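Please open the structure in a viewer and keep the selection tool at hand.

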Amino acid sequence: MNRGFFTILGAQFFSALADNALFFAALALLKEQKAPEWHLSMLLWAFTVSYVVIAPYAGAFADSMHKGRAMLICNGIKLLGCASMIVGMPPIFAYAIVGFGAAAYSPAKYGIITEYLPHEKLVAANGWLEGATVAAIILGTVIGGYLSGSHIQNWLTGNTLGKYLSPAEFAICATVLLYCLAAYINLYIPKLAVRLKPLHLDPVHQAKEFAWCVKRLWRDPQGQLSLGVTTLFWGAGATMRLVVLNWAVIWLSLKLEQASQLIALVAVGIAFGAIAAGRWIPLHKAFSVLWAGVAMGALLISMLWVNQIWLAALLMLIIGALSGFFVVPLNAMLQHRGHALMGAGHSIAVQNFNENLGILVMVGLHAWLVKNWSSPLAADSSALLQQQFAHNGMPPMYLIIIGFGGLVILVMSWIILRYRQSLRQGLLHD
C-alpha cells in the first residue's frame with residue numbers, strides 16, 4: 001500500500017469521523033429539544049433514505065468524473081447539512097442532507113479503491129478501509145458523546161460561549177472542522193487514468209440502467225451470496241446501535257455518554273475482525289467465514305442475560321470482532337464481482353441500494369416497535385429510567401433483542417444453505 005492509498009484512506013477517515021460524531025451530537029440535540037424517543041430512530045432513518053432514493057444516480061455520478069473530485073463535492077454537501085443544523089434546521093431534516101451527501105460519496109469512496117488497486121489486494125485494502133471506518137466510528141462516537149456531554153456542559157457554563165451554544169450545538173460546530181479537514185486531504189487524492197463514463201441526465205435511462213445492474217448482480221452466484229450477507233450486516237449493524245443504546249440505559253443504567261462508549265467497543269471489535277480477515281482470508285476463500293454471522297446472532301440474544309458492565313463490554317467486543325471477520329472478505333468479493341460485471345461506481349451504488357434498503361426496513365421496524373409497543377414503566381423503576389422514558393414508556397427489549405438476533409441467525413443459516421447448494425450445482429468452487 002503506497003502513499004496515494006493512505007491519502008484516500010485519510011480523506012475517507014475524517015469524513016466518516018465527522019458523520020459519526022454528528023450522529024451523537026444530533027441525538028443530544030434532540031434530547032435537549034425533548035423530542036419523542038422514536039425520533040432517535042428516525043434520525044438514522046432520515047440519514048439512510050438517500051442511499052436508496054438516489055442509488056440509480058449515485059453510481060453514474062461517481063463514474064462520470066475522477067472519484068477524488070466526486071468525494072470533494074459530496075463532502076461539501078455533508079458540510080452544508082451540518083451547518084444547517086447549527087442555524088436552526090430541525091436535526092432530522094439537516095441530518096437527511098448529510099445523508100444525501102454520504103449516499104453520493106459512497107460509490108466514489110469504494111470505487112476509487114477498486115480502480116486504484118489490483119484485485120488480489122482488495123481483501124487487504126478492505127481490511128484497511130473497514131478498519132479506518134471502524135476507527136472513525138469509535139472516535140466519532142467518543143468525540144460526539146464527549147462534546148455533547150456533562151464535561152463540556154460544565155465548561156460552557158463557566159464560559160462566555162455558553163451564552164450562545166448548548167453542548168450539542170458546540171459539538172456540531174466542532175464537527176464542521178472535521179469536514180473541513182477531510183476536504184483539505186481530499187485535494188491531494190491522486191487522479192487515476194481510468195475511462196470516465198458520460199453522465200446521462202435522463203432519469204428514465206438512469207433508472208433502467210440501474211435496474212439492469214441490480215438484476216445482474218443478484219443473478220451472479222458469487223454476487224448474490226455476498227450481497228445477501230452485506231445487506232444483512234449493515235441493516236443489523238445500524239439497528240444494533242439503537243438497540244445497544246436502549247439496552248445500556250435500561251439494563252445497565254448508563255447515561256447516553258457512557259452508552260456511546262459501549263457502542264464504540266463494538267467498533268473496536270470490528271476493527272480487530274477486519275484486520276484478522278484481511279490477513280488470513282484470501283479472496284477465493286471469502287465464503288468460508290459465513291459461520292461467524294450465525295455466531296454473532298446468537299451472541300446478540302445473549303445480551304438479555306448480561307447485567308454487568310465489564311461483561312457487556314466483553315460481549316460487545318466479541319460481537320464486533322465476528323462482524324468484521326465475516327463482512328470484510330465478502331465485501332471484497334462483492335466489489336470484485338461488481339467491478340467485473342458493471343464498473344466500480346455502478347456496482348457500489350447497487351450495493352448501497354440493497355444494504356441501505358435493509359437499514360431502512362430494520363431501523364424503521366425498530367422505530368415502530370419503540371413508538372407503538374412501549375409499555376408503562378414500573379412504579380419502582382430507577383429515576384434514570386423515569387427520566388429517559390417518561391413520555392414513551394420502556395421499549396420492548398425482549399421482543400427487539402430476541403427478534404433481532406433470531407433474524408440474523410435465520411438469514412445467515414439460509415445463506416449458508418444457498419452457498420452449499422451452489423457448490424453442489426457447480427456454480428461456485430470451494
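At roughly what angle do the axes of helix H3 and H4 cross, and within what distance do they come? Select residues 55-63 for H3 together with H4: the two axes cross at roughly 130° and come within 8 Å. An angle of this size makes H3 oblique to H4. The model being viewed is a predicted one.

**The whole chain**

Of the 430 residues in the chain, 57% are buried. Among contacts in the chain with a separation of 6 or more, 82% are between residues 24 or more positions apart.

**Helices H4 and H8**

Next, select residues 67-86 for H4 and residues 167-186 for H8. These helices pack at an angle of about 170°, and their axes are 10 Å apart. Because angles over 145 degrees count as roughly antiparallel, H4 and H8 are roughly antiparallel to each other. On the H4 side, show Gly68, Met71, Leu72, Asn75, Lys78, Leu79, Cys82, Met85 and Ile86. On the H8 side, the contact is made by Ile172, Cys173, Thr175, Val176, Tyr179, Cys180, Ala182, Ala183 and Asn186. The residues of this contact comprise 13 nonpolar, 4 polar and 1 charged.

**Asparagine 186**

Remain on helix H8 and centre the view on asparagine 186, which lies in that helix. Is this asparagine 186 buried or exposed? Its relative accessibility is 5%, so asparagine 186 counts as buried. Neighbours within four places in sequence aside, asparagine 186 is in contact with Gly68, Met71 and Leu72, and also with Ala11. Gly68, Met71 and Leu72 also belong to the H4 side of the contact with H8.

**The salt bridge**

How far apart are the closest N and O atoms of the salt bridge between aspartate 19 and lysine 78? The separation is 3.0 Å. The count for the model comes to 1 salt bridge. Aspartate 19 sits in helix H1 (residues 3-32) and lysine 78 in helix H4, so that the pair links distant parts of the chain, 59 residues apart. Both partners fall under the 20% limit for a buried residue: aspartate 19 has a relative accessible area of 11%, and lysine 78 has a relative accessibility of 1%. Lysine 78 is also among the H4 residues that make the contact with H8.

**Methionine 316**

For the last stop, select residues 309-342, which form helix H13, and pick out methionine 316 within it. Methionine 316 is buried, its relative accessible area being 0%. Which residues does methionine 316 touch, not counting those up to four places away in sequence? Show Val244, Trp247, Leu262, Leu265, Val266 and Met303 to display these contacts. Finally, draw a distance between the C-alpha atoms of methionine 316 and isoleucine 263: the two residues are 53 residues apart along the chain, and these atoms are separated by 7.4 Å.

Definitions and conventions. Residues numbered from 1 in each chain as written. Predicted model: local features only at pLDDT ≥ 70, side-chain atom pairs only at ≥ 80, totals over all residues. Heavy atoms only, no water. Axes fitted to C-alpha atoms, helices over the stretch in contact; angles between N-to-C directions. Helix = DSSP H or I, 4+ residues; strand = E, 2+ residues; numbered from the N terminus. Parallel < 35°, antiparallel > 145°, perpendicular 65-115°, else oblique. Contact = heavy atoms within 4.5 Å. Nonpolar A, V, L, I, M, F, W, Y, C, P; charged D, E, K, R; others polar. Buried < 20%, exposed > 50% of the residue type's maximum accessible area, 1.4 Å probe, protein only. Salt bridge = Lys/Arg side-chain N within 4 Å of Asp/Glu carboxyl O.
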